[in-house]
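Open the model in your viewer and keep the selection tool ready. This tour goes from stop to stop.

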Amino acid sequence: MKIGIIGAGNIGGNLTRRLTALGHDVSVANSRGPHTLTGLARETGATPVPAAEAARGAQIVVVTVPVKAVPDLPSGLLDGAAEGVAVIDTGNYYPQQRDGRIAAIEDEGITESRWTERQIGHPVIKVFNGTYAQDILDRPRPAGDPDRMAVPVAGDDGAAKRAVRDLIDELGFDTVDAGGIDESWRQQPGTPVYGLRAGAEAVRQALAKASPERLPDFRA
């Protein structure tokens, strides 16, 4: 599968490592340019590209950049992507710690990923936002293993969600359907499932316990 990854930080870098190891054709981009990704390219076999080209031909695109950087992504980001491309959003809104105040999130009460959808003009599937980056390398398990971790997956596009869930299964994790993007507050920072290392049933219970009210640490 052709996969584009925009953002080569901890999550983006480790997804690049795992997905190339599984045999996928991965293009990776960051904000500083392809020349800064030569080490990751040598390590993994991924192709470093400008951000504007990361989605070219891709069936799945991973957007894993700070929320404050989403509006700065190239316009037409998904031009040239495969028909029906699924877009993964791993982002989290940290207003005090990193991103500053984003009015639409604070004043309208929309979810972080709904806001991201508006910026890029395409539906997203929210996943891996509460996953420790090192777990992507260290904790994959075969299907049926009692120690296999599960991650929540939220999104409105059923076909895209299925494609993403299949990819995550291939990566070595179970998934739990967390509803649509308007329900993705259940997995935002400060919720019971955020950072949870557990199986599917515990993830379902944590999602059910979530409150839509943001904790003070995650409000501007």
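Start with the largest cavity, whose lining has 10 nonpolar, five polar and two charged residues. (Ala, Val, Leu, Ile, Met, Phe, Trp, Tyr, Cys and Pro count as nonpolar, Asp, Glu, Lys and Arg as charged, and the others, Gly among them, as polar.) The model is predicted: local features need pLDDT of at least 70, side-chain atom pairs count only at pLDDT 80 or more, and totals for chains, interfaces and linings use all residues. Residues are numbered from 1 along each chain as its sequence is written, and side-chain values use heavy atoms, without hydrogens and water.

Select Gly-130, Thr-131, Val-151, Pro-152 and Val-193; of the 17 lining residues, these lie nearest the centre of the largest cavity. (On a 1 Å grid over the protein atoms alone, a cavity is a set of points where a 1.4 Å probe fits but cannot get out; lining residues have an atom within 4 Å of a point.)

Next, select Ile-136. At 0% relative accessibility, Ile-136 counts as buried (under 20% relative accessible area, with exposed over 50%, 1.4 Å probe, protein chains only). Now pick Arg-17: Ile-136 and Arg-17 are 119 residues apart in sequence, yet 9.2 Å apart in space, C-alpha to C-alpha.

Move to helix α8, residues 200-209 (helices are DSSP runs of H or I, at least four residues, numbered from the N terminus). Which residues of α8 are buried? Ala-200, Val-203, Ala-206 and Leu-207 are. They cover an arc of only 120 degrees around the axis, so they sit on the same side of α8 (the arc is that of the directions from the helix axis to the C-beta atoms). Turn to the face away from that buried side: there are the exposed Ala-208 and Lys-209.

How values were computed:
Helix = DSSP H or I, 4+ residues; strand = E, 2+ residues; numbered from the N terminus. 1 Å grid on protein atoms, 1.4 Å probe; cavity = no way out; pocket = protein on both sides within 12 Å on 5 of 7 lines; lining within 4 Å.
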